[in-house]
Amino acid sequence: MSVTVEDIKSMMAVDGNDDDTLIEGYLTAATSFVKNAIGSDETFYSKSDVVPLFDVAVKALAGSYYQYRIALSDTQTSAIDLTLNSIIGQLRGLYDSHLEEVENG
């Protein structure tokens, strides 16, 4: 995993180590979510044009998990994560191209 707990803490301006275990869990869940949304071929995630997109998607989702920890709210909200959705769309296209390359040698 190329995104670390320290990356998420820096992005979210979290000081101290009290939430490290919590953030690590969110990071693991975000990584799994993004991979499950795209595909399971692990060689795809090490490609130079994929790594930056994958990392941003994982950071965006892990940050959302951390920021919005409580599932209950007294107001109605609509969950829209434009960053995550747009990157997953791009990664799905790249993944399809990757699979074609693997098939064709």
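A salt bridge is a side-chain nitrogen of Lys or Arg within 4 Å of a carboxyl oxygen of Asp or Glu, and the structure examined here is a predicted model.

Q: What makes the contact of Lys9 and Glu6 a salt bridge?
A: The N to O distance between the side chains of Lys9 and Glu6 is 3.5 Å, and because the cut-off is within 4 Å, the pair counts as a salt bridge.

Q: How many residues apart are Lys9 and Glu6 in helix H1?
A: They are three residues apart in helix H1, which means that about one helical turn separates Lys9 from Glu6.

Q: What makes Arg69 and Asp19 a salt bridge, and where do the two residues lie?
A: The closest N and O atoms of Arg69 and Asp19 are 3.9 Å apart, which is within the 4 Å of the definition. Arg69 lies in the loop between H3 and helix H4, and Asp19 in the loop between H1 and helix H2, so the pair ties together parts that are 50 residues apart in sequence.

Q: Why is H1 called roughly perpendicular to H3?
A: Helices H1 and H3 pack at an angle of about 65°, and because angles of 65 to 115 degrees count as roughly perpendicular, H1 is described as roughly perpendicular to H3.

Note on methods. Residues are numbered from 1 along each chain as its sequence is written. This is a predicted model: local features need pLDDT of at least 70, side-chain atom pairs count only at pLDDT 80 or more; totals for chains, interfaces and linings use all residues. Side-chain values use heavy atoms; hydrogens and water are left out. Axes are lines fitted to C-alpha atoms, for helices over the stretch in contact, and angles run from 0 to 180 degrees between N-to-C directions. Helices (H or I, at least four residues) and strands (E, at least two) are DSSP runs, numbered from the N terminus. Angles under 35 degrees count as roughly parallel, over 145 as roughly antiparallel, 65 to 115 as roughly perpendicular and the rest as oblique.
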